[in-house]
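Try each task before reading its solution.

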Amino acid sequence: MYDFLAEPRAVYHGAGTFADLGMDVAFKKALNPDGSSSDTLVAVTNDVLGSELALPVRTLRSRDKERGRGTDENRRTMFDIHCTDQLGRRFFAERQQERQDFIVDRAIFYAMQLVEESGGNGPGFDYRYSPVTALLFLDFRRWKDDAIIHTGKLRTASGDTLADTLTLAFVELPKFEKGLGELETRLDHWLFALRHIQDLDERPAEFSDDLYTDLFEKARQSHFTKEEWLMFTQEQKERWDRNSIINTARREGWDEGLALGERR
């Protein structure tokens, strides 16, 4: 039997009962703000952001995932999940598997496009913007400390909130190392599922609460439609191809470095 648990996450995905939520298709399906998954996304958003939210999120509805920029139809911003809550606040959530050195700047860039869009451009515009929150789940370590969640917003030098216009939250999933028997909070449960659900053969007793039912049912591979499964496998293949190209480049770079060292 293929031991998929022994393989690096970047190499092998989705061999068991549940799909890897690191895959875009599975992530969007499990946290879709429309339908039954809305309660899951609401709970995850509130638990991750905590006190950064002036008021908790109670409902979420999706917005267009693809936003045009000006008249250039080739310049578009893609969001995994883009939605608004009951107060009109905008949220976008993404899962990032591949390391990016400038992930914070990237999040600011996309979030500011939503800020700009929320203000409108009519004659009555008075610089009143809807708050925008970027929620990114990272499959790599960005900061060297032990904190799993890093949040930030516009603050004064003394730490007081200057404006609620922009909030950023980064969740470094590799830093979450608790096992099933160590889960204490609801946030612990979300982080464990986001990182390890593809390693499980069945829904654990630790997730017996009804709140987690939809997440596990949406992640169950047998519940994927034919279209979703085709998209899932295609995404998997593309990532394998990308990993192969990266690994080949690394080996070639290593060989060239050794050859250069020997010539010297």
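On a 1 Å grid over the protein atoms alone, a cavity is a set of points where a 1.4 Å probe fits but cannot get out, and its lining residues have an atom within 4 Å of a point. This is a predicted model, where local features need pLDDT of at least 70, side-chain atom pairs count only at pLDDT 80 or more, and totals for chains, interfaces and linings use all residues. Residues are numbered from 1 along each chain as its sequence is written, and side-chain values use heavy atoms, leaving out hydrogens and water.

**Exercise 1.** Find which residues line the largest cavity.

Solution. 
- Start with the count: the structure holds 1 cavity of 30 Å³ or more.
- Next, the volume (the space filled by probe spheres set on the points) of the largest cavity is about 60 Å³.
- Its lining includes Leu 41, Ile 81, Phe 91 and Thr 133.

**Exercise 2.** Describe how H2 and H4 pack.

Solution. 
- Helices are DSSP runs (H or I, at least four residues); H4 covers residues 186-196.
- With axes fitted to C-alpha atoms over the stretch in contact, and angles running from 0 to 180 degrees between N-to-C directions, the two helices pack at about 115°, their axes 10 Å apart.
- That makes H2 roughly perpendicular (65 to 115 degrees) to H4.
- Contact (heavy atoms within 4.5 Å) involves, among them, Val 44 of H2 and Trp 190 of H4.

Technical notes
1 Å grid on protein atoms, 1.4 Å probe; cavity = no way out; pocket = protein on both sides within 12 Å on 5 of 7 lines; lining within 4 Å. Parallel < 35°, antiparallel > 145°, perpendicular 65-115°, else oblique.
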